[in-house]
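Subject: Handing over the model

Hi,

Here is the structure I promised to pass on. Please open it alongside this note, and I will walk you through what turned up.

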Amino acid sequence: MSAYAAHPAPQTQDMSSSARWSHGLDIANTAFASVLLFCLMAISHYVLREPAPYDLLMVATAGMLFMLGLRIPAGVALPFGLMVLVLCGYMIGGTGARYIDMSIKFLQTSTYLTLTFVFYTAVVTASPDRALKALWGGYIFAGLCAAALGIGGYLGFIPGADILLGSGRAKGLFEDPNVYGPFLVPPTIYAIWRMTTRGVTPAVFFWGPIATVLVLGLFLSFSRGAWLHMMLSAAAFAVLASMAPETRGQRGRIVMITILLGVMLTLAIGWAITIPEVRELLEQRLGLQSYDTKQGGRFSGQFEALKMAMINPFGIGANNWGMLAAQDTHNVYLNVFVSGGFISLVGLVGAFGLTLVRGFKYAMHGPRRGVFIVAFASFIGLIAEAIIIDINHWRHLYVLMGMIWGLMLAAPPATHARR
């Protein structure tokens, strides 16, 4: 008889009931985790103050789930390492920063958001179906709340609507219309995807109206970056979904839904521009603004920031250029470059580039391609918009990256067997 059979493992006999419960609990696959993830995303549209309710619930949720057994997947080490490079560049550049307090605060926020990427990756890897259902459900809810508040505030349907507007543009409970608008893009792409995978009735009477409300809210932000983001993400979704359709008839559905949604949006936006104030603001926003082209404006300021980055290859400290030049870079790549030098730039471009390369391969051959393409197409539009705005502290950037990497690391059992 084997010695192992004669002498059972003592740790199993001596293990307390609470330890056995914790050891055997798959926390990511519980209703408790799903409720927390839904609530986390559902309140993500309220960010008027820092820290936002989302941040407080994020710390509580991540802390509880990790203590109850959630584990960090080994595969997240590479993208996380690249994002840590960005933080390292900030720290090195911050040693000579003129405004050291602002540099430290910016570094703290960047570190926190990088850790949220790890959390989302971990929870999606552990339970892709339940986690994504909860996250997207909460995101749709948050998007509808944000869009409804933006539309109602802009049209004067909500008393005391000044808090919902910024410079005469819809912003909901965000600090800036240029953040509010892009926040609505991913749930819009998700609604379009659901329209291509469901029957005619839910597509027309449920997901169609949801997509229309979201896009109308996005439109009233009058954010050129958000409009560009929406167009690029929708185009990326259409191309990727057509190249790797979930069902035989999805290509045809995409064409039909595009036409239907185009008609609905044309009617909605056509109605909106009948309002003189809307039409006037639209004409103004479609052209170059004075702060784009004037001496000392956006473009000349970016050139000066680039010169400063080349003179200081290790950076001048995070969040310092805006104080020195009295304006932001309006370009996340340039902002990271001037803040943390070549180290931070390599880290950011590396993290984004790696996500793009691996994500494209997964979009063609991986499981759960439909919901993956929603997050991936939204990510493509977002990092393209980053050329004209700073996105490194936008919370939903890290949500999308966590979804993408979580799905890529959640290999099905068949894949493990083949390996």
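In which hand of crossing, left-handed or right-handed, does H10 pass H12? The crossing is right-handed; a crossing has that hand if the near helix is turned clockwise from the far one by less than a right angle, and is left-handed if anticlockwise.

Some housekeeping: this is a predicted model, where local features need pLDDT of at least 70 and side-chain atom pairs count only at pLDDT 80 or more, while totals for chains, interfaces and linings use all residues. Residues are numbered from 1 along each chain as its sequence is written, and side-chain values use heavy atoms, with hydrogens and water left out.

Back to that helix pair. H10 covers residues 185–197 and H12 covers residues 224–243; they pack at about 30°, their axes 10 Å apart. Axes here are lines fitted to C-alpha atoms over the stretch in contact, and angles run from 0 to 180 degrees between N-to-C directions. The two helices are therefore roughly parallel (angles under 35 degrees). On the H10 side, Val185, Thr188, Ile189, Ile192, Trp193 and Thr196 meet Ala226, His229, Met230, Ser233, Ala234 and Phe237 of H12, contact meaning heavy atoms within 4.5 Å. Eight of these residues are nonpolar, four are polar and none is charged (nonpolar is Ala, Val, Leu, Ile, Met, Phe, Trp, Tyr, Cys and Pro; charged is Asp, Glu, Lys and Arg; the others, Gly among them, are polar).

For the whole chain, there are 21 helices and two strands, taken as DSSP runs (H or I, at least four residues; E, at least two) and numbered from the N terminus. Of the 419 residues, 50% are buried (under 20% relative accessible area; exposed is over 50%, partly exposed in between, with a 1.4 Å probe and protein chains only).

A few loop residues may interest you. Phe222, between H11 (200–219) and H12, has a positive phi of about 50° without being a glycine, and is buried at 0% relative accessibility. Its C-alpha atom is 9.3 Å from that of Gly168, 54 residues away along the chain. Gly168 lies between strands E1 (165–166) and E2 (169–170) and is partly exposed at 41%.

His330 also has a positive phi, about 55°, and is partly exposed at 27%. Finally, the peptide bond from Glu50 to Pro51 is cis, with omega near -5°.

Best wishes

Terms used:
Parallel < 35°, antiparallel > 145°, perpendicular 65-115°, else oblique.
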